[in-house]
Amino acid sequence: MNKFEKLVDHRQMVAYLKDYLFIFIGVTLYAIGYNVFILPEKIVQGGLTGIASLFYYAYGWSPSIIIWGLNAVMLAMAYKFLNKQFVIRTIAGVTMLSVMIAVVQWGLSFIPTPIITPGEDRFMHVMIGAMLGGAGLGIIFVHNGSTGGTDIIVALVNKFSRMSMGRVMQFVDITIICSSFILFRSLETIVYGVVFTLIATFVVDYVINGARQTVQFLIISKRYQQIADDMNHKLNRGVTILEGQGWYSKQEVKVVMVLCRKYESQYVFNLIKAIDPNAMVSQTFCHGVFGEGFDKIK
């Protein structure tokens with residue numbers, strides 16, 4: 001194995017470790033929201049965690065064991081139809097989720113006074129639980145993780161039918177949420193379950209889009225060379241020089257094109273302003289950029 005191959009393997013290992021670290025953080029956030037704010041309020045959300053909640057409320061069974069067991073059964077049934085990488089990451093994600101739910105539940109048993117008083121402000125508790133759960137799931141998805149559950153059902157149905165993934169997921173989640181009526185005989189519980197799902201979905205999308213949102217800059221300046229050099233060396237961003245022509249003046253111009261993350265935008269503006277305050281700058285938000293330094297093509 002040459003030096004280049006060793007370097008590639010090292011970077012891949014670092015990337016995997018980074019992914020699993022953030023998956024662990026996401027799982028921890030979800031476990032805290034689920035144990036502290038959702039279970040005490042007897043709310044049933046979508047997914048296998050919702051099914052685990054029903055068994056917990058009805059029989060007192062441990063949610064962590066139910067979640068792991070149901071996922072294991074579904075993975076075993078669907079193994080030959082799913083991508084091996086998906087299966088490996090799902091097993092890792094589900095195991096971490098089950099363990100963290102059990103750990104948080106165990107830790108809460110040592111606190112003499114409950115963190116929240118069930119029923120005192122139910123809507124606020126559902127909102128906080130949904131935000132923590134959505135943020136946790138968003139972090140997991142950004143780092144290519146999976147918590148299994150309805151993801152497995154969606155992947156299978158999407159493989160053998162023309163139904164959209166979003167529609168399948170909505171149908172499954174609504175079915176699980178509505179089944180809580182059999183146990184509690186309460187429409188209010190169903191409404192809170194739907195509210196949880198809507199808020200969590202919004203937060204998931206916000207976290208994913210916020211992490212991946214990319215900005216494109218088109219810069220026209222006589223000092224384009226210095227701007228391009230500083231973009232390379234100070235911001236570590238690739239630069240493309242485009243050939244242009246001013247239609248009124250008929251003069252040739254150089255256009256600097258730069259792609260960067262949204263959070264780097266102000267650094268780009270500061271750099272341009274320091275070199276050429278009169279530069280013409282166009283800023284555009286991109287729906288997705290794939291390639292080196294950005295997202296991988298899947």
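Me: Asn236 is exposed, with a relative accessible area of 63%. What makes a residue count as exposed?

Reply: Exposed means over 50% relative accessible area, buried means under 20%, and partly exposed lies in between (1.4 Å probe, protein chains only). At 63%, Asn236 is therefore exposed. This is a predicted model: local features need pLDDT of at least 70, side-chain atom pairs need 80 or more, and totals for chains, interfaces and linings use all residues. Residues are numbered from 1 along each chain as its sequence is written, and side-chain values use heavy atoms, without hydrogens and water.

Me: Where does Asn236 sit, and what is its phi?

Reply: Asn236 is in the loop between α10 (224–233) and β2. Helices (H or I, at least four residues) and strands (E, at least two) are DSSP runs, numbered from the N terminus. The phi of Asn236 is positive, about 55 degrees, although Asn236 is not a glycine.

Me: Why is Arg185 called exposed?

Reply: Arg185 has a relative accessibility of 60%, so it counts as exposed. Arg185 lies in the loop between α8 (180–184) and α9. Its phi is positive, about 55 degrees, and Arg185 is not a glycine.

Me: How do you know that Glu41 and Arg122 form a salt bridge?

Reply: A salt bridge is a side-chain nitrogen of Lys or Arg within 4 Å of a carboxyl oxygen of Asp or Glu. For Glu41 and Arg122, the closest N and O atoms are 3.7 Å apart. The pair links distant parts of the chain, 81 residues apart: Glu41 is in the loop between α1 and α2 (47–59), and Arg122 is in helix α5 (residues 122–142). In general, side chains of opposite charge can pair when their charged atoms come close.

Me: Are Glu41 and Arg122 buried or exposed?

Reply: Glu41 has a relative accessible area of 4%, so it is buried. Arg122 has 16%, so it is buried too.

Me: How many salt bridges does the structure hold, and what is the N to O distance between Glu188 and Arg122?

Reply: The structure holds four salt bridges. In the one between Glu188 and Arg122, the closest N and O atoms are 3.9 Å apart. Glu188 lies in helix α9 (residues 187–212) and Arg122 in helix α5, so this pair ties together parts that are 66 residues apart in sequence. Glu188 is partly exposed, because its relative accessibility is 44%.

Me: What makes Glu243 and Lys254 a salt bridge?

Reply: Their side chains meet at 2.6 Å, N to O. Glu243 is in strand β2 (residues 239–245) and Lys254 in strand β3 (residues 252–261), so parts 11 residues apart in sequence are tied together. Glu243 is exposed, because its relative accessible area is 59%. Lys254 has 27%, so it is partly exposed.

Me: Which residues do shared partners join into one network?

Reply: Salt bridges that share partners join Glu41, Arg122 and Glu188 into one network.

Me: What makes a set of residues a nonpolar core?

Reply: The set holds buried Ala, Val, Leu, Ile, Met, Phe, Trp, Tyr and Cys residues, joined through side-chain atoms within 4.5 Å. The largest nonpolar core has 35 residues; Val27, Tyr34, Leu97, Ile101, Val126 and Phe196 have the most contacts inside it. At least two residues each come from α1, α2, α3 (63–78), α4 (84–108), α5, α7 (165–178) and α9. Helix α9 gives the most to this core, with eight residues. A second, separate core has 13 residues, including Val215, Phe217, Ile219 and Met231.

Me: Why is Tyr56 called partly exposed, and what does Tyr56 touch?

Reply: Tyr56 has 29% relative accessibility, so it counts as partly exposed. Tyr56 lies in helix α2. Contact means heavy atoms within 4.5 Å. Leaving out residues up to four places away in sequence, Tyr56 touches Leu39, Trp61, Pro63 and Gln105. Tyr56 and Leu39 are 17 residues apart in sequence and 8.7 Å apart in space, C-alpha to C-alpha.

Me: Why is Ile25 called partly exposed?

Reply: Ile25 has a relative accessible area of 34%, so it is partly exposed. Ile25 is found in helix α1 (residues 3–38).
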